[in-house]
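Please keep the sequence and the structure in view while reading.

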Amino acid sequence: MKRFLRSPLLWTFVVSLVLLLAVGGWLLTDPATSRSEALKTGGIAGGAIVALYALWLNDRRRRVEERRQEVERQRQELELRRADQDRDRISDERFAKAVELLGHEADQVRVGALHALAGLARGREIYKQTVLDILCSYLRRPFEHPRYQDTAKRDGNTAPEEGSAEEDQELQVRQTAQRLIGELLPAADSEGTPGYDLDLTGAVLEYFDLSERKIGKLLLRYAGLYSSTNLSGCVFLGPVYLTGAGTKEKKRIGFFRCSEARFEQRAWFSGVRFSEDVEFRGTVFAGETSFKDGVFAKDAVFADAEFKGTLDLRRARFEGFGDLRFREPPGTVSLYNTSVEPARDHELPSGWSVETLPDGRARLTVNDL
């Protein structure tokens, strides 16, 4: 009973009735007002009170609904956070387990671990650079194979020498790691994608193919690049260092293709020994470029290459045919003791010439220097 007496609806009707009687009674005191008009006006006044109550009630329901929706939104956000935490926990567990399995004795388990890491990187962008670092770290592990020891003697059409079962199995695992690196990198023409860094310092690689990929910083210092390496069409957003590649004991560089690529920053090939043909056809070098102390044992093709920065060829040796018909000659070039094979008819930029020395050697010179 007390609750009923405190009901806003009851008091609304009471106030409405009182207002009806009060307004109607007051108007009836005026002789010019008829009874029907007095009742009508009083009804309008009472109805206004009911209408105000209805508006208040509707506003109250609206606020209750808004509070309910806010609570529901907070509940959904909490569930999403919990789901994200569960996904992060599962991903971390998968990551840790895959890294642990990289040290397994069975080669098929190591291959499975590599694929698990690659799958994690594809699903969670935050893991991609970390996974690439791990793949590069695996390839930096010391590795030798009999097929790499006779590359100077073996004919290109002759099958390479087979190793032991363990060596051949490890070779397959490493080639899987190489392939996964290429698959995880974004396409060279993709927009809005970052350039991921690769540290392959001292790595032993064979048939390494990153063609048409976008790369951040690339380190291949003192690496061995066997059979062929394909970097054609790549976009290098960061500096590239191949310093001393192919010069360490038992490490060589096979056929090296880097045509139609673009180096946005420094490209450092100082001291590199290219044992096979080299192609930089149509490549753009936007930053400082150095082949200082480099050796081109066979043909070196730089046709239509463009050097927007400086080019350092000091003490470089072209022991085969050199095609240096640049699209645009570099603004600044260093040619100190840059030797070429005197018996070959080299293709040179305008203003460059071959000077034969008294001892029979030949070097490049720029006429306007």
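What volume does the second largest pocket have? The model is a predicted one, and in it the second largest pocket has a volume of about 200 Å³.

## Lining of the pocket

The second largest pocket is lined by 14 residues, and those closest to its centre are Phe143, Glu144, Val204, Lys250 and Lys251. Sorted by class, the lining consists of six charged, five nonpolar and three polar residues.

## Overall make-up

The protein contains 23 strands and six helices. It has 369 residues, of which 41% count as buried, and its accessible surface comes to about 20,400 Å², with 52% of that area belonging to carbon and sulfur atoms. Among the contacts with a separation of 6 or more, 41% are made by residues 24 or more positions apart.

Another open sheet of six strands runs in the order 10-14-18-21-23-22, with mixed pairing. Strand 10 (273-274) and strand 22 (352-356) stand at its edges with a single partner strand each, so one side of each is left without a neighbour in the sheet.

Strand 21, residues 339-340, and strand 23, residues 362-366, pair in the antiparallel sense over two bridges; here Val340 stands opposite Ala362 of strand 23.

## A residue in a loop

Where is Ser275 found, and is this residue buried or exposed? Ser275 lies in the loop between strand 10 and strand 11 (278-279), and this residue counts as buried because its relative accessible area is 7%, while the cut-off for buried is under 20%.

When residues up to four places away in sequence are not counted, Ser275 touches Arg252, Ile253, Ala297 and Lys298.

Note on methods: Residues numbered from 1 in each chain as written. Predicted model: local features only at pLDDT ≥ 70, side-chain atom pairs only at ≥ 80, totals over all residues. Heavy atoms only, no water. Pairing = 2+ DSSP bridges. Helix = DSSP H or I, 4+ residues; strand = E, 2+ residues; numbered from the N terminus. 1 Å grid on protein atoms, 1.4 Å probe; cavity = no way out; pocket = protein on both sides within 12 Å on 5 of 7 lines; lining within 4 Å. Points joined across faces, edges and corners; volume = space filled by probe spheres on them. Nonpolar A, V, L, I, M, F, W, Y, C, P; charged D, E, K, R; others polar. Buried < 20%, exposed > 50% of the residue type's maximum accessible area, 1.4 Å probe, protein only. Contact = heavy atoms within 4.5 Å. Areas by Shrake-Rupley, 256 points an atom, 1.4 Å probe, with all protein chains shown as cover.
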